[in-house]
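Welcome, and thanks for taking a look at this one. Below is a short tour, arranged by topic, to read alongside the structure.

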Amino acid sequence: MRKVTLIICLGLVLGLMPAASALRADVQTADESLFREVKLLVFDKDWRTALGKIDELREKFPYSPWAGEALFYKGECLNGLGDRDREALRAYKDYIQLVGARQNLIEEAEGRIIDIALDLYEGGDAGALRDIETRLGAANDVIRYYAAYKLSFVSDKKEAVKAAPVLKKIVETETDPELLDRARIALLRVSPESLKAAEEGQPRARTTARTLHISIRAAGQKEPAFSLNIPFALADLALSALDDEDKAAIRKKGYDINKIMNELAKSKESLLRIAGDDGSIIEIWID
Amino acid sequence: MNNDDEMKFFLKETEAVREEIRRVSGSVDWEALPGLIADKALAEPRRAEPAWPAAGPWGWLWALRMKPVLAGLAAGLVVGAAAMYFILKAPSAGPAADSAYYASGEFLDRAELEMARRNTLDYLEKSQYMLLDVFDSAGKGPAEPAALRNERARDLLQKKKYLNAQLERFQMAKAKAICDQIEMLFRELSEISEEMSATELQRIRVLVEERQLLLKINLVKRELQSGV
C-alpha cells in the first residue's frame, strides 16, 4: 500500500513539474514585457502612461526583479512631469536603498537626486542643499565630482565655495579634458585662488604657459572694458566665448582662434594687439 | 731798528715765555696727570650724548636724524627692496601686472555655453559611432565585445549627466531631447550581457530605426555646428 502511495505521489510531482515551470515562465514573461513597455514609454517621454504601467507592475508582481528596477523609472517619470520633484526624490532614494540595485542605475539616481536638490534649493528650500553637501564625501568619484560641480552653481557663495576642495582635486588628479575644463570653470566661479594653487601644483612640462590674459579697451579709454586672467588650458574655450562684436573685430583683422593660438604659442611671452575699426584695442598675451 | 736791536728784543721776549713755562710746569702734578686725562677722555662721550626722546612710535626717527648716513642707508635699502619687488612681480609681457585668475560671471556663462555646444557635439558623434556598432553587432557586421560596449555606454552616460545641467540651463531643448533618448539606449546597452546580446541588440536596432534616431542626431549636429 505504501509503495502504491509513493508511486502516485512521485507521478503527481513529475506530472506537475512542467506545468509549474510553464506557469513560472509565463509570470516572468508577463512582468518582463510590462517592464519593457514601461521603458518604451519612458523613451517616448509619455510620463503619465509609464507611471500607470509602473504601478501595475509593482502591484501585480511585487517580488519581480523588474518591480525594484521600476522604482528608478518611477523617479524618471515623476521628474519628467516637472511638478512632482519631491516624489521623484523619494523614488530615487528608495531605489538606491534597494538590495541588488544596479551600480550604473545607482549612479544615475544619485545624479538625479543632486539635480532635484539644487532645483528645490533654488526654489527656496534651504535644507535641500544637504543632499548635495553629503555627497561631496561620497566614495564614488562619479557622485562626488558631480555633487561638487552642481554645488558650484549655488548663488550663495558661502555654500558654493564648499565645492572647492573636490574641484581642486579634479584639476590636480584627473586627465579627462572635458572633466578638467568643467572643474576649472567651476573653480573660477567659486574660488579662483584654489584654481591658481591647483594649476601651480602641476608639473611645468604639461603646459609651457600658465595664464592667458585678455584685455579689451574702448577707444580713448585707459581702463579695460573687459579683462580676464585664466589658465592657459582654457585659452581656446575663452577665445571662442568672447563677445560676438569682439570676435567679429578679430575676424575682420584676419585673425581666427587658430591663428591667435598659433601666434601666442610661437613665443611664450608674445603680446597680440588688435586694433578695431572703432578704435578699440584687444590685447591678448600669455605668461 | 738794526739787526742787533732785533736780536736783543727777541731774546728778551723769549725769556718772558720761558719764565711763564717754568711757572706753569711747577704747578702741574705730573704723576696724577695721565689718570686725569684718561678719566676726562672716557667721560667725554657720555657728556656729549643728548637726552633720549620720550619713547613712542616715532622715537626711532630721532636716532635717524642724528645719524644721517645710517638713515640714508636704511632709506636706500627700503626703496631698493621695494623697487626690486615690483620689478620681479610685474609680468614680463603685457600691460597688466595682475597675475591672479579672474573672469566675470557673464564671461563664465558664455564659456559654459560654448562648452555645452562642443560637448554635445562630441556626445552626439560618439553616440552615432556607438549606434552604428550596435547595427553591426545586430546584423552581419563584426560584433564588438559586450564588455567593451558596456564600458563605452557607461562612459557616455557619465558625460550625459553633465550635459543635462548645461542643456537645461541654456535652453537647448532640441539637443536635450535627442540626448535623452540616446541616454536611454545607452542605459540598456550598459546592461546587456554577452549571451543575450543578439536579441537585445536587434530590439535596440529596431527602435533606433523606427524613431529615426540617426537622422535626428545629424540634424541637431548640423544646428550645433552652425553656431561655430
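How many helices and strands does chain A have? Chain A has 14 helices and four strands. Please keep in mind that this is a predicted model.

- Chain A is built from 287 residues, and 34% of them count as buried.
- In chain A, 45% of the contacts with a separation of 6 or more are accounted for by residues 24 or more positions apart.
- Chain B has nine helices and zero strands, so its order from the N terminus reads α-α-α-α-α-α-α-α-α.
- Of the 228 residues in chain B, 20% are buried.
- For chain B, 70% of the contacts between residues at least 6 apart in sequence join residues at least 24 apart.

**Where the chains meet**

- The contact between the chains brings together 37 residues of chain A and 31 residues of chain B.
- On the side of chain A that touches chain B, helix 10 (residues 177–190) of chain A gives the most, with six residues.
- Sorted by class, that side of chain A holds 17 nonpolar, nine polar and eleven charged residues.

**The nonpolar core**

- As a general background, nonpolar side chains tend to be buried together in soluble globular proteins.
- Here, the largest nonpolar core has 100 residues.
- Val38(A), Leu167(A), Leu187(A) and Ala238(A) are the residues with the most contacts inside that core.
- Leaving aside residues up to four places away in sequence, Leu187(A) touches Ala164(A), Leu167(A), Lys168(A), Val171(A), Pro192(A), Ser194(A) and Leu195(A).

**Helix 3 and helix 4 of chain A**

- The axes of helix 3 (residues 65–81) and helix 4 (residues 85–97) of chain A come within 8 Å and cross at roughly 165°.
- Angles over 145 degrees count as roughly antiparallel, and helix 3 and helix 4 of chain A are therefore roughly antiparallel to each other.
- The crossing of helix 3 of chain A past helix 4 of chain A is left-handed.
- Helix 3 of chain A brings Leu71(A), Phe72(A), Lys74(A), Gly75(A), Leu78(A) and Asn79(A) to the contact, while helix 4 of chain A brings Glu87(A), Ala88(A), Ala91(A), Tyr92(A), Asp94(A) and Tyr95(A).
- The residues of this contact between helix 3 and helix 4 of chain A divide into seven nonpolar, two polar and three charged.

**Helix 7 and helix 9 of chain A**

- Helix 7 (residues 141–151) and helix 9 (residues 164–173) of chain A have axes that come within 8 Å and cross at roughly 120°.
- Helix 7 and helix 9 of chain A are therefore oblique to each other.
- Helix 7 of chain A passes helix 9 of chain A in a crossing that is left-handed.
- From helix 7 of chain A, Arg144(A), Tyr145(A) and Ala148(A) meet Val166(A), Leu167(A) and Ile170(A) of helix 9 of chain A.
- By class, this contact of helix 7 with helix 9 of chain A has five nonpolar, no polar and one charged residues.
- Leu167(A), one of the residues in this contact, is also among those with the most contacts inside the largest nonpolar core.

- Phe186(B) lies in helix 7 of chain B and counts as buried, because 25 C-beta neighbours lie inside 10 Å.
- Phe186(B) and Ala153(B) are 33 residues apart along the chain, yet their C-alpha atoms are separated by 5.1 Å.
- Not counting residues up to four places away in sequence, Phe186(B) touches Ala153(B), Leu156(B) and Leu157(B).
- Lys174(B) is placed in helix 7 (residues 173–189) of chain B and is partly exposed, with 13 other C-beta atoms within 10 Å.
- From C-alpha to C-alpha, Lys174(B) and Lys216(B) are 9.5 Å apart in space, and they are 42 residues apart in sequence.

**Two loop residues with positive phi**

- Lys45(A) is not a glycine, although it has a positive phi of about 60°.
- The place of Lys45(A) is the loop between helix 1 (2–43) and helix 2 (47–60) of chain A.
- Lys45(A) is partly exposed, because 14 other C-beta atoms lie within 10 Å.
- Gln212(B) also is not a glycine and has a positive phi of about 50°.
- In chain B, Gln212(B) lies in the loop between helix 8 (197–210) and helix 9 (213–225).
- With 11 other C-beta atoms within 10 Å, Gln212(B) is exposed.

Notes: Residues numbered from 1 in each chain as written. Chains lettered and ligands numbered in written order. Predicted model: local features only at pLDDT ≥ 70, side-chain atom pairs only at ≥ 80, totals over all residues. Contact = placed C-beta atoms within 7 Å. Nonpolar A, V, L, I, M, F, W, Y, C, P; charged D, E, K, R; others polar. Buried ≥ 20, exposed ≤ 12 C-beta atoms within 10 Å, placed from the backbone. Core = buried A, V, L, I, M, F, W, Y, C linked by C-beta atoms within 7 Å. Axes fitted to C-alpha atoms, helices over the stretch in contact; angles between N-to-C directions. Parallel < 35°, antiparallel > 145°, perpendicular 65-115°, else oblique. Left-handed = near helix turned anticlockwise from the far one by under 90°.
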